[in-house]
Structures are given as C-alpha cells and as structure tokens.
Amino acid sequence: MKKNALLTLIAVAMMLLSTGCSNQEEKTKNAAPMSVRSEVVHPSSDIDTKSYIGIVEEESAISVGFTGSGTISKVCVSEGQTVKKGQLIAELDKTQAENMLAMAKAQMEQANDAYKRLKLLHDNNSLPEMEWVEVQSKVQQAEASLEMAKKSLADCCIYAPESGIIGKGVMNVGEVVLPALPVAKILVIDHIKIRASVPEKEVAAITSSTPSQITLGALPGQVFDGGKIEKCIDANNSTHTYDIKVSVKNHERQLLPGMVAHIQISPANQQDAITVPITSVRKNANGEYFVWTNKGGKAHRATVTTGNATGNRIVVLTGLQQGDVVITEGYQKLSEGMEVI
C-alpha cells in the first residue's frame, strides 16, 4: 500500500516537473526577441600597447644676441616666423662702430705713410734701430685697431646660425642690449621630440628602438612614426614616473612646440590575442567565468578563461574563437536559447 502511494507521488512530481519545463520552454519560445549589442571576436595585436600623453618639444633652442652693447635699430623677424640659416635677425645702431672704423682707417694710413718715409732712411742706415722698431710697432697696432673696428661694425648685425622658427621673447627696436643678452630664440624643429611621463613599472619595457606611433589633436587623421626613444634616469619622486623623449621627423614642420601628442608604444614581441570588454565577462555560482554569445540569433553561454586586462578590455585565453559574436550590452536578462536581435 505504502509502495503504491510512493509511486503515485513520484508520478505526480514527474508530471508537474514536465509541465513546468514545458511551460518554461513555451515561455522562452514565445518570448519577444531581446535587443542586444554585440561585437565579432577577432585577434588583436595591440593588447600590450601603452598610451601616453606628451608635449612636443623642439630639437634644440638657439639664443642669438649681440657681442657688444648698443641700441637696436632694426628687427627683421617676429615670433613664429620661419627663418633660414644666414638670414638677418636684427641690427644695432652702427653710428659709433662706423666712426671707430673711420678712425682706425685714418690711423692705418698715418702709420703706413710713416713706415714708407722712414723705410728709406732705414735702408740707407740713417735711422736708429730703436725708431725703426717703433714705426713697425705703430703699423701693427694700427692694423689690429682696424681689424677690431671692422669686427665691431660686423657685430652690429646678427644672423640665424641654423634654420628654424622664431620663438617667444623677440626684442624690439629702440631697446638697449648688453653683451650676450638674447635678442631672439631660434627653435630647430626639422626633428622634434615628444616628452611624456611613464610609470616606473612600465619604463623598463621601453628601449631606444621600441616601435611607437604619434597622433595629435591639432593634426587629425595623421599618424607619425616615432624614432629613437631617450629615457631620463631621474624619477619624479612625487608621481614615481620617468620622462621619455620620442624623436619624430618633422621635415614639413607641421609639429610645433607645445602641441599635445598621444604616443602609442607597442612591444616588439607582442602576440595576437582575443579581447572582449571587461563588463561582458560574467561569473556563475560555481565561480566559472562566461560570456553570452549570439549563435544563429539565440543566446548561448560560453565558458571562458581570462588573462590580463588592459584599459576596459580583457584577454580571453580559451572559450572563444575568431568569428564568434559576443554580446556586450543587454545580457543582464538573457537565458540559454533566448532569441536575440
């Protein structure tokens, strides 16, 4: 009797369970397709690529100034102007230098005239040797004074020692300058350097030949290949970062000092890897990681193992293949086999 009652209860339970499963399948079958967003999985080689923000700097900055003092009478350049090597930058008032040159020429003529007259006496042994030595000394002194006067006049003009662009701080006409006081600064930018700060845990992976690419907001759509990378050995104690400088060719002079640049640095030995958004990776009650995929218009749960995360993406080591469609948004209410669009 008891056995028959137990069998009856088992039969009823199986019928209810079958009915429940049937109802659940019917609900899933009749439910409206869930709207989701997805992406096609494909291996990428930029998972280890690091991005840094840098500032464009000139290759070198040359300050040009006069070797003497005086008043500026002419300025031939302005800030931002392109100059070529040998181009006139500025001039001093030449009045004093020209007067000194005229005096030196007069002294030179006087010394030469005395030399010619007394040389005849010296050749006839009619001039004491002491006087002859004195005449020769005066000629040498006059020659030296003349050369100095010529140089002083020439130094009233300064020319560009290298081609480049004029930086800030150009002096104006009428200003008084002192020796070695900069009148203008020439920025050499045929090659530029981009300075950026790199965290100390990442700087060891960067070498002088590590590949890099440069983009700038000021030049949209253009990509520049980075060259040799210099690493500074002094760390910033407050941020624990090291400065690097990436060399970039700039023959068209599009890159100007002060521009903000984005540096993408990629290790030379990086390998392709599949990545998905971190938020699309879920965890079940057993502690296993999975993602929802779209297989033929239906949701499917794919168990995965993950690797390192970079930014907002994470490497998937197993569980996905190239061409799989991973659901990245709208997966919160999905169930196995649910239709998705």
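Modeller: Start with a scale. Under 20% relative accessible area is buried, over 50% is exposed, and partly exposed lies in between. This is a predicted model.

Biologist: Now the fold. How many helices and strands does the protein chain have?

Modeller: The protein chain has 4 helices and 20 strands. Look at contact range too. Take the contacts with a separation of 6 or more: 74% of them join residues 24 or more positions apart.

Biologist: How do I read a salt bridge?

Modeller: Look for a side-chain nitrogen of Lys or Arg within 4 Å of a carboxyl oxygen of Asp or Glu. A search of the whole structure finds 11 salt bridges.

Biologist: Which residue does E230 meet in a salt bridge?

Modeller: E230 meets K193, at 3.1 Å from N to O. The pair links distant parts of the chain: E230 lies in strand β12 (residues 229–236) and K193 in strand β9 (residues 182–199), 37 residues apart. K193 is partly exposed as well, because its relative accessible area is 22%.

Biologist: And what stands opposite E230 in β13?

Modeller: K245 does. β12 and β13 run antiparallel and are joined by 5 bridges. They form a hairpin with 4 residues between them. In its turn, H240 has a positive phi of about 55 degrees.

Biologist: What forms a salt bridge with K74?

Modeller: E91 does, with the closest N and O atoms 4.0 Å apart. This pair also links distant parts of the chain: E91 sits in strand β5 (residues 88–92), K74 in strand β3 (residues 70–75), and 17 residues separate them. The two partners differ in cover. E91 is buried, because its relative accessible area is 12%. K74 is partly exposed, because its value is 37%.

Biologist: Where does K74 stand in the sheet, relative to β5?

Modeller: K74 stands opposite E91 in β5. β3 and β5 run antiparallel, with 3 bridges between them. They belong to an open sheet of 4 strands, in the order β6-β5-β3-β8, with antiparallel pairing. The edge strands, β6 (157–159) and β8 (176–177), each pair on one side only.

Biologist: Which residues are linked in a network of salt bridges?

Modeller: E57, R195 and D243 are.

Biologist: Next, helices. Why do residues three or four places apart point the same way?

Modeller: An α-helix has 3.6 residues a turn, so that spacing brings side chains back to one face. Now the case here. D113 forms a salt bridge with R117, the closest N and O atoms being 3.1 Å apart. They are 4 residues apart in helix α2 (residues 95–123), so about one helical turn separates them. D113 is partly exposed, because its relative accessible area is 41%.

Biologist: What span should α2 have?

Modeller: At 1.5 Å a residue, the 29 residues of α2 should span 42 Å. The end C-alpha atoms are 42 Å apart, which agrees. Just after α2, N125 takes a positive phi of about 60 degrees.

Biologist: Which residues of α2 are buried?

Modeller: A97, L101, A104, M108, A111 and L118 are buried. The buried residues of α2 pack against α3 (129–154).

Biologist: Last, the nonpolar cores. Which members of the largest core touch the most other members?

Modeller: This core has 24 residues, and V56, I194, I214, L216, I244, V248 and L255 touch the most other members. The elements giving two or more residues are β2 (50–65), β9, β10 (212–216), β13 (241–249) and β14 (260–265). β9 gives the largest share, 6 residues.

Biologist: What is V248 in contact with, leaving aside its neighbours within four places in sequence?

Modeller: V248 contacts H191, I192, I194, I214, F224, D225, G226 and L255. There is also a second, separate core of 18 residues, which includes I72, V83, A97 and I166.

Conventions
Residues numbered from 1 in each chain as written. Predicted model: local features only at pLDDT ≥ 70, side-chain atom pairs only at ≥ 80, totals over all residues. Heavy atoms only, no water. Buried < 20%, exposed > 50% of the residue type's maximum accessible area, 1.4 Å probe, protein only. Pairing = 2+ DSSP bridges. Core = buried A, V, L, I, M, F, W, Y, C linked by side-chain atoms within 4.5 Å. Contact = heavy atoms within 4.5 Å. Expected span 1.5 Å × (residues − 1).
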